[in-house]
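Keep the viewer open as you read.

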Amino acid sequence: MKQFIRHILLFVVLGLIVGELIARVFVLNSEVPQREIDDFGIQRYKPLQNGDYKGRTHSWTINKLGWPGELPNSYDNLITVIGDSFIENFMNPSECHQSSYLKELNKEYNYIEAARSGVSLIEAMEITKQFDSLNPKLHLIYINDSDLEESIVQLARHNDITQLDLDKNSIVYGKMKSPGSKKILYNWKFIYYLYRRFPVSFNTNEISPEEKIDVNSKSIYFRKLLNFIKDNYEINDKIFVFRPDTNPETIELTRNMGFEVVDLKVESDKSWSFEYDHHWTCYGHREAAKQVNTVIAERK
């Protein structure tokens, strides 16, 4: 029996070693940059990292400010591009980012992206304040209605997402979820590959589904969130860019409350997204940038 157990353990160890070699050589997983929380409570990536996307199709880089992508050569006539995983855009090469397409369309401005998976609307607003010293001309904030919903504690508490507590009228900054476990997981490539195929939930929500607010009441909370933003941030230099999957009622509410919005439209039969993923392809980013640039040009 002992010999059988030793053989099994030896087989497991050899399997892990071989699996790790295969995972690293063929880049079975997209490499994930490490995060940190800055002095303002914002989750950013540790500066000056780089890595490969799955299959080594392209590489990503984290700049010295802790955001994905390259920094512009100049901060003159600056426009920031802020958002979640759609703008973070690790699944496409750097030339397929919003900042790249916008620069091609309008060279008068320089563009800098500040994006991370899980950024809510209220966190995006906090991020805009970190660029004040650069005197940007405009902030483009890419969102859909889920980014408003995830901003509100009363709709569902997410410990890892920066949210607004409407009862206390204060911001609750997100915490990194299981940072130690994730660091080990991301560095052990084969185990991470198995985890992606058979995921384990790190869910830390504190409100159970039956306690969630009825969908018909969300607009009340959205209005309170938008009022908080109007009272605590400069909005004249902000444009909310709503993705095509956004509820039209949310867009109309935001527009009626005095915010400038871009309502992105898929204007052809060709999808903006990957077949296997809802994020935008290079084509989707190009089409989105065209519509956004039209609004930028109109503001001159």
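Before we look at a pair of helices, one convention is needed: axes are lines fitted to C-alpha atoms, for helices over the stretch in contact, and angles run from 0 to 180 degrees between N-to-C directions. With that in hand, please bear in mind that what you see is a predicted model. In this model, the axes of helix 4 and helix 8 come within 11 Å, crossing at roughly 5 degrees. Angles under 35 degrees count as roughly parallel, and helix 4 and helix 8 are therefore roughly parallel to each other. From helix 4, the residues Leu121, Ile122 and Met125 meet Leu225, Leu226, Phe228 and Ile229 of helix 8.

Helix 4 is worth a moment on its own. Of its 9 residues, 8 are buried, so helix 4 is largely enclosed by the rest of the structure. The buried residues of helix 4 are Leu121, Ile122, Glu123, Ala124, Met125, Glu126, Ile127 and Thr128.

Now step back to the whole chain. Its secondary structure comes to 10 helices and 11 strands, and 47% of its 300 residues count as buried. Among contacts with a separation of 6 or more, 64% are between residues 24 or more positions apart.

What is the order of its strands? Five strands form an open sheet in the order 6-5-7-10-11, with parallel pairing. At the edges are strand 6 and strand 11 (260–263), each of which pairs on one side only. On average, neighbouring strands of this sheet are turned by 20 degrees against each other, direction ignored.

Follow the order from strand 6. Strand 5 and strand 6 run parallel and are joined by 6 bridges; here Val81 stands opposite Glu113 in strand 6. Strand 5 also pairs with strand 7 in the parallel sense, over 4 bridges, and His139 in strand 7 is the bridge partner of Thr80. Strand 5 is mostly covered, with 6 of its 6 residues buried. Both of its faces are covered: Leu78, Thr80 and Ile82 are buried on one side, and Ile79, Val81 and Gly83 on the other.

Val241 has Val262 in strand 11 as its bridge partner, while Phe242 has Asp263 in strand 11. The chain goes from strand 10 through helix 9 to strand 11, and this β-α-β crossover is right-handed. Helix 9 packs on the sheet, touching strand 10 and strand 11, and its direction makes about 155 degrees with that of strand 11. Another helix to find is helix 3 (residues 98–105), which lies across strand 5, strand 6 and strand 7 and runs at about 165 degrees to strand 6.

Leaving aside its neighbours within four places in sequence, Thr80 is in contact with Ile112, Phe131, Pro136, Leu138, His139 and Leu140. Lys238 lies in strand 10. Is Lys238 buried or exposed? Its relative accessible area is 6%, so by the same cut-off Lys238 is buried. Not counting residues up to four places away in sequence, Lys238 touches Met125, Thr128, Leu138, His139, Ile141 and Glu260. Lys238 and Thr80 are 158 residues apart along the chain, yet their C-alpha atoms are separated by 9.6 Å.

In soluble globular proteins, nonpolar side chains tend to be buried together. Here the largest nonpolar core has 35 residues, and those with the most contacts inside it are Leu121, Ile229 and Phe240. Elements that give two or more residues to this core include strand 5, strand 6, helix 4, strand 7 and strand 10, while helix 8 gives the most, with 6 residues. Phe240, leaving aside its neighbours within four places in sequence, has contacts that include Leu121, Met125, Ile141, Leu226 and Val262. A second, separate core of 25 residues includes Cys96, Ile239, Tyr283 and Ala288.

How values were computed
Residues are numbered from 1 along each chain as its sequence is written. This is a predicted model: local features need pLDDT of at least 70, side-chain atom pairs count only at pLDDT 80 or more; totals for chains, interfaces and linings use all residues. Side-chain values use heavy atoms; hydrogens and water are left out. A nonpolar core is a set of buried Ala, Val, Leu, Ile, Met, Phe, Trp, Tyr and Cys residues joined through side-chain atoms within 4.5 Å. Buried means under 20% relative accessible area, exposed over 50%, partly exposed in between (1.4 Å probe, protein chains only). Contact means heavy atoms within 4.5 Å. Two strands pair if DSSP finds at least two bridges between them. A crossover is right-handed if, with the strands pointing away from the viewer, the path from the first strand over the helix to the second runs clockwise. Angles under 35 degrees count as roughly parallel, over 145 as roughly antiparallel, 65 to 115 as roughly perpendicular and the rest as oblique.
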